[in-house]
Amino acid sequence: MFGLSAGSRRVRATFWLLDAPDSLREQSHANPDGTGLGTFSASGDPVIEKQPLAGFDDRDFAREARDRTSSTFVAHVRKSSGTPVAQANTHPFALDGRIFAHNGVVGDIERLEAHLGAALQRVTGDTDSERVFALTSAEIARAGGDVAAGITAAMGWIASNLPVMSANFVLVTPEDLWALRWPATHELYVLDRRSPDAPLRHESAAGTRVTSDHLGEVPSVVVASEPLDADDWRLLEPGTLLHVNRTLALTEERILGA
């Protein structure tokens with residue numbers, strides 16, 4: 001799972017998606033059940049491009065990773081926890097102008113569906129992830145559009161009522177990024193490049209060298225389920241909701257116990 005914010009600047013995320021030492025394409029060898037990329041058009045509309053295919057074998061993903069520009073990104077390579085390998089179950093998902101991807105397992109889906117009520121009609125696939133997103137979207141609406149308040153309410157209910165292996169996620173709008181790590185079971189890392197001092201580089205064992213002057217010189221914040229290169233990635237504390245806004249101001253708030 002991957003998320004990026006470049007504030008209000010539209011950028012390409014090619015280095016992280018394709019070229020970094022542990023890029024999303026590289027991670028897809030261990031997570032072959034679906035690949036997806038979420039971006040926003042220049043007018044702010046969500047653009048979801050995904051296939052129930054391994055990223056290393058998906059030519060469309062490679063093309064999209066090179067071509068797409070956005071100020072925020074979500075990408076995901078899926079390893080199914082039991083639901084079918086299908087288009088509807090491939091991350092990311094879009095609702096209400098937001099894009100969401102989840103890493104982990106939330107149990108007792110029947111109870112979650114009962115709690116969703118009418119919001120369950122917005123779910124098209126079989127995954128716990130899409131149902132968690134539907135609940136989060138419903139709580140954001142109930143909070144009058146306050147995303148942090150909606151996330152806190154949704155995750156508080158899940159923590160109190162459902163068995164959870166991991167509820168790590170990334171949620172983005174055209175100008176904001178939120179990421180949650182909870183509980184400590186799965187890792188989620190943050191790379192703060194708001195003051196970049198060097199291009200992004202990768203040299204393979206075969207001697208191939210890739211340099212990204214474009215994104216390497218643009219301030220950004222990156223979150224990922226594992227470090228994508230040898231830079232100074234920081235492990236997010238369990239229970240912490242991270243927020244990056246359009247000016248790249250970064251805040252962290254503990255909303256759940258570890």
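In what order do the seven strands of the open sheet stand?

**View 1. The seven-stranded open sheet.** The strand order is β3-β2-β4-β1-β12-β9-β13, with antiparallel pairing. Strands (E, at least two residues) and helices (H or I, at least four residues) are DSSP runs, numbered from the N terminus, and two strands pair if DSSP finds at least two bridges between them. The structure is a predicted model, in which local features need pLDDT of at least 70 and side-chain atom pairs count only at pLDDT 80 or more, while totals for chains, interfaces and linings use all residues. Residues are numbered from 1 along each chain as its sequence is written, and side-chain values use heavy atoms, with hydrogens and water left out.

View 2. Strand β9 (residues 189-193) runs antiparallel to β13 and is joined to β13 by two bridges. Val 190 has Arg 234 of β13 as its bridge partner.

**View 3. The packing of helices α4 and α5.** The axes of α4 (residues 109-116) and α5 (residues 128-142) come within 10 Å and cross at roughly 30°. Axes are lines fitted to C-alpha atoms, for helices over the stretch in contact, and angles run from 0 to 180 degrees between N-to-C directions. In the contact (heavy atoms within 4.5 Å), Ile 109, Leu 112, Glu 113, His 115 and Leu 116 of α4 meet Asp 128, Arg 131, Val 132, Ala 134, Leu 135 and Glu 139 of α5.

**View 4. The salt bridge between Asp 96 and Arg 122.** The side chains of these two residues meet at 2.8 Å, N to O; a salt bridge is a side-chain nitrogen of Lys or Arg within 4 Å of a carboxyl oxygen of Asp or Glu. Asp 96 lies in the loop between β5 and β6 and Arg 122 in the loop between α4 and α5, so that distant parts of the chain, 26 residues apart, are linked. The whole structure holds ten salt bridges.
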